Structures are given as C-alpha cells and as structure tokens.
Amino acid sequence: NTRNGFRHICASCEQNFLLHQTPACKFCGITCPNAEENSVWICSNCRELQPFFNEGRSLFQMQGTGQAIVHALKYKDGLFLKFDFLTLLEKYFSSYKGFLENSLLIPVPLYFWREYKRGYNQSAYLAHWLAKWSGSRVNACLKRRKPTRTQTELNKEDRKRNVKNAFSLSLKASINANEKYILVDDVFTTGATLNACAKVLKEAGAKWVGVFTFGHG
C-alpha cells in the first residue's frame, strides 16, 4: 500500500500509532497532555531515574502499530521496514532533524553472543537509518562487557542492577568533549540501559549526551 506513503503499513494501521507530541518529557520524550507548551517538564520516571543524559526524544507509545513494528524489527528480522521508519520520521517528525543534526549517533550495543544469535543489532540499524535521514554520523563506540538478562523480564530496580557496569568504551574509542552524542535504541522503558550507557560517555568526558528511541513504554 503506497497511497499513504508507506510500503507495509496500511492507512488503518497508520491511525493506530500513538505518536508522541509536545509538550513532552525533556528526557524520555513521552507526551504530557497537561503540561504547558514550551515549558520544561520531567515525568515521574525520569525524576526518579536522575538521567546522566541531557535530553531525549521518542516517537510513539509501545501499543498498537508502534509495538507491532518494533517487535517485527526486533524479533522477526524486520529490516524490510527501513523505508517505513524513514517515512514515519519525515511525515510526522521532521522537526526532530534539528535534534539529530551534527551529532554522533551511538547504537546501544548487544552482547556479542546475543547479536550473533539474532544476526544483527536492531539499534545499530536504527542508528544508520537516522543518520541517513538527518545527515548525522554513526559511531559504535560502546560495547557490552558482559551478558545480561533481557530487561523485559525485570522490574525497575532489577533493570538497574542488571545493566550496572555492563557497558564500556570500545577498544581504541575516544570521546571528544566538543561532540554531540546521541544514544539510539529501539525502546525506552525505564531508561536504565540508556542511563548506564550515558554514564560511560559522561565519565569518558562527553559534555552533552542525548537519547533517541522509537518506542516508549
């Protein structure tokens, strides 16, 4: 179906996206319908998280079509969805190009054995798609030092413990304090994984770290 601009998302499914709009949380990008426009708002989860990252954006809630396409990308070899992800960005989120421009996009890494079994890291593909769309660059400067349990199985506190000290800079990687770094992942849930990655970058000398996720929830 190309009449609505997508290749794999029909017009009916397009209506089932729960897209995030402003005003939104400064850190995770979730919509806050009761906040004043142009005000700085931080959701209760991010206040508790105390992020090491400076700012964030998220495209849609993990329900309906948003959840379906993230699961297809993550579990069903859904790399064929590249065109539709780019179409979604251009159609609804063109204002986010400014957030991504002139940045280094850092995919959240998988442990090498999990990536081998899956065949790819979906966050790396998303980072490259975002780079193509925004004219930014990808820098895979993080590695996952140890295997961790899947975060979907864990509560908030266990998620933090699960990813504590799980990440480090890749061999020979270096951080330039003058660069703008943006972590890219498929889903923001509690933010524990992204925060652990941001902590590594900040401790290595990064002054500004952002996050960009497609799903939230």
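**A helix across the sheet**

Analyst: Happy to! This is a predicted model. Helix α3 (residues 64–75) lies across β1 and β6 (180–188), and α3 runs at about 105° to β1.

User: What order do the strands of that open sheet come in?

Analyst: There are five strands, in the order β1-β7-β6-β2-β3, and the pairing is parallel. The edge strands are β1 (55–61) and β3 (137–138), each pairing on one side only.

User: And how many bridges join β2 to β3?

Analyst: Two bridges join β2 (residues 104–107) to β3. Across that pair, L105 stands opposite V138 in β3.

User: Switching topic: how many disulfides are there?

Analyst: The count comes to zero disulfides. For C32, the nearest cysteine sulfur is that of C25, 8.9 Å away.

User: Are C32 and C43 buried or exposed?

Analyst: C32 counts as buried at 10% relative accessibility, and C43 counts as buried at 8%.

User: Now helix α9. How many residues does it have, and how far does it reach?

Analyst: α9 (residues 192–203) has twelve residues and reaches 16 Å from its first C-alpha to its last, close to the 16 Å expected.

User: How many of those twelve are buried?

Analyst: Nine of the twelve are buried, so α9 is largely enclosed by the rest of the structure. Among them are A192, L194, C197 and L201.

User: What follows α9?

Analyst: G205 follows α9, and its phi is positive, near 120°.

Key
Residues are numbered from 1 along each chain as its sequence is written. This is a predicted model: local features need pLDDT of at least 70, side-chain atom pairs count only at pLDDT 80 or more; totals for chains, interfaces and linings use all residues. Side-chain values use heavy atoms; hydrogens and water are left out. Helices (H or I, at least four residues) and strands (E, at least two) are DSSP runs, numbered from the N terminus. The expected span of a helix is 1.5 Å times one less than its number of residues. Buried means under 20% relative accessible area, exposed over 50%, partly exposed in between (1.4 Å probe, protein chains only). A disulfide is a pair of cysteine sulfur atoms within 2.5 Å. Two strands pair if DSSP finds at least two bridges between them. Contact means heavy atoms within 4.5 Å. Axes are lines fitted to C-alpha atoms, for helices over the stretch in contact, and angles run from 0 to 180 degrees between N-to-C directions.
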